Amino acid sequence: MKREAIFEFFRRLAELNPDPQTELEFGNVYQLLVAVTLSAQATDVGVNKATRTLFRAVKTPVQMVALGEEGLKQHIKTIGLFNTKAKNVIALSEILVRDHGGEVPQDRDALTALPGVGRKTANVVLNCAFGAETFAVDTHIFRVGNRTGLAPGKTPLAVEQQLEKKVPQPFRVGAHHWLILHGRYVCKARTPECWHCPVVDLCAFKAKVLAKGAKPVGTRGERAGRPAVRKARPG
Ligand code: SF4
């Protein structure tokens, strides 16, 4: 996608949603870190349901350590992988208390050194809590980046590096939200809703679904934005 088209792409998404926010609920930076850690392979709706009562009782890492692993499990047992996540949240809270004065560090390396915190989680926290120009590539951004031609890449890191290079100001802080929301509600995995997509004329995706009810075309890989791997015919 050319430079002017990329600017126009974000200008339109920004016009429709001038102040995009994460759909995870939190009251402070520490709660955001916990919510994002819990959201791996889970929906924001499911995480919010569990954290609503948890966050009324726990606002700091000290309070989380006091709650303990078993206590935390009781709050988050409706979330997938809750055993591992509970262990990680307690361990990361202990480290925040011990090494960071109970504060969430504003540094990617320090964040990714915490248990259960990968690059994507760190990027979300840096973006949403500290306003950093980071691009947390989740499944939605990976798909939208590849389908549209905005940021093609075979891995989340490759897509992130493309976004780093290509997203212009004044859209760099909001880009991560606009792309997630676009992927979640319009450029959906199974059937992209191109018939009401605000960037349809800028998008390079070949298998657009231009009428409601029409069947998506192409292989699953092509619909995900990946080039198809065709098997060679024998003989
Ligand atoms: S036109 Fe279709 S494939 Fe392209 S961004 Fe819009 S919804 Fe996604």
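How much space lies in the largest pocket? About 660 Å³ of space lies there, and the views below cover this pocket together with other parts of the model.

The model is a predicted one, in which local features need pLDDT of at least 70 and side-chain atom pairs count only at pLDDT 80 or more, while totals for chains, interfaces and linings use all residues. Residues are numbered from 1 along each chain as its sequence is written, and side-chain values use heavy atoms, with hydrogens and water left out.

View 1. The pocket is an open set of points on a 1 Å grid over the protein atoms alone, with protein on both sides within 12 Å along at least five of seven lines; a cavity is a set of points where a 1.4 Å probe fits but cannot get out, and lining residues have an atom within 4 Å of a point. Grid points are joined across faces, edges and corners, and a volume is the space filled by probe spheres set on the points. The largest pocket holds about 660 Å³ of space. It is lined by 32 residues, and those closest to its centre are Ser-39, Ala-40, Ala-42, Asp-44 and Lys-120. Sorted by class, the lining has 10 nonpolar, 16 polar and 6 charged residues. Here Ala, Val, Leu, Ile, Met, Phe, Trp, Tyr, Cys and Pro count as nonpolar, Asp, Glu, Lys and Arg as charged, and the others, Gly among them, as polar.

**View 2. Helices around the largest pocket.** Helices (H or I, at least four residues) and strands (E, at least two) are DSSP runs, numbered from the N terminus. At least two lining residues come from each of α2 (29-38), α3 (44-57), α5 (82-99), α7 (119-130), α8 (139-148) and α10 (175-185). With 5 residues, α10 gives the most to the lining of this pocket.

View 3. Rolling a probe the size of a water molecule over the atoms shows where empty space is left. The count comes to 1 cavity of 30 Å³ or more. The largest cavity has about 100 Å³ of space. Its lining consists of 14 residues, of which Cys-187, Pro-192, Cys-194, Cys-197 and Cys-203 are the closest to its centre. This lining divides into 9 nonpolar, 2 polar and 3 charged residues. The ligand sits in the largest cavity, where sitting requires that more than half of its atoms lie within 2 Å of the grid points.

**View 4. The shell around the ligand.** The residues that surround the ligand are Thr-148, His-182, Cys-187, Pro-192, Cys-194, Cys-197, Val-200, Cys-203, Phe-205 and Lys-208. A residue belongs here if one of its heavy atoms lies within 4 Å of the molecule. The shell has 7 nonpolar, 2 polar and 1 charged residues.

View 5. In soluble globular proteins, nonpolar side chains tend to be buried together. A nonpolar core is a set of buried Ala, Val, Leu, Ile, Met, Phe, Trp, Tyr and Cys residues joined through side-chain atoms within 4.5 Å. Buried means under 20% relative accessible area, exposed over 50%, and partly exposed in between (1.4 Å probe, protein chains only). The largest nonpolar core has 32 residues, and Tyr-30, Leu-33, Met-64, Leu-72, Leu-111 and Leu-114 touch the most other members. Helices α2, α3, α4 (61-76), α5 and α7 each supply at least two residues of this core, and α2 gives the most, with 7 residues.

**View 6. Leu-32 in helix α2.** Leu-32 lies in helix α2 and counts as buried because its relative accessibility is 0%. Leu-32 and Ala-129 are 97 residues apart in sequence, yet their C-alpha atoms are 7.7 Å apart in space.

View 7. A cis peptide bond with omega of about 5° joins Gln-169 and Pro-170; Pro-170 is in the loop between α9 (156-166) and α10. In the loop between α2 and α3 is Gln-41, which has a positive phi of about 55° although it is not a glycine. Gln-41 counts as exposed because its relative accessibility is 75%. Leu-81, in the loop between α4 and α5, also has a positive phi, near 60°.

View 8. Ala-66 is found in helix α4 and is exposed, with a relative accessible area of 66%. Its C-alpha atom is 10.0 Å from that of Glu-94, 28 residues apart along the chain. Glu-70 is also found in helix α4 and is exposed, at 53%. The C-alpha atoms of Glu-70 and Phe-10, 60 residues apart along the chain, are separated by 44 Å.
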